[in-house]
Amino acid sequence: MFVLELTYTAPVSAVDKELEAHVAWLDELYARGVVIASGRKNPRDGGVLIAVADDRAAIEKIAASDPFVLAEVCEYRITEFIATKTAPALAPYRQVLP
């Protein structure tokens, strides 16, 4: 599982110009089962996504396709973790330590 933290590198006004495309991109990732949660940070200087994928390379490719990245208004920090404990609703995403 992965935590993707994005930080805006441009004014929020520039980010907002790309917001519709970013939301459409997120909708596609939700439909594919890749992203399971997302939202803005508070204060609004970026956002956070929780995602699942087979490996880090796949997540890096996905992050690189974000319209925010393509418009050069944000940067990603990607953290991989093993979700060994979850809320009951997230049980299908639980992982076992290697």
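1. Helix α3 spans residues 56-64 and buries I59, I62 and A63. Buried means under 20% relative accessible area, exposed over 50% (1.4 Å probe, protein chains only). The three cover an arc of only 100° around the axis, so they sit on the same side of α3. That arc is taken from the directions from the helix axis to the C-beta atoms. Helices here are DSSP runs (H or I, at least four residues), as are strands (E, at least two), numbered from the N terminus.

2. This is a predicted model: local features need pLDDT of at least 70, side-chain atom pairs count only at pLDDT 80 or more, and totals for chains, interfaces and linings use all residues. Residues are numbered from 1 along each chain as its sequence is written, and side-chain values use heavy atoms, with hydrogens and water left out.

3. The face of α3 turned away from the buried side carries exposed A57 and K61. Cover for the buried residues of α3 includes β1, α2, β3, α4 (67-70) and β4 (74-80).

4. D55 caps the N-terminal end of α3. A side-chain oxygen of D55 lies 3.3 Å from the backbone nitrogen of A57.

5. Now H22. This residue lies in helix α2. H22 is buried, at a relative accessible area of 7%. Its side chain makes a polar contact of 2.8 Å with that of D66. A polar contact is a pair of N or O atoms within 3.5 Å; within protein, one must be able to donate a hydrogen and the other to accept it, and residues adjacent in sequence count only if both atoms are side-chain atoms. Leaving out residues up to four places away in sequence, H22 touches L6, D66, P67, F68 and Y76 (heavy atoms within 4.5 Å).
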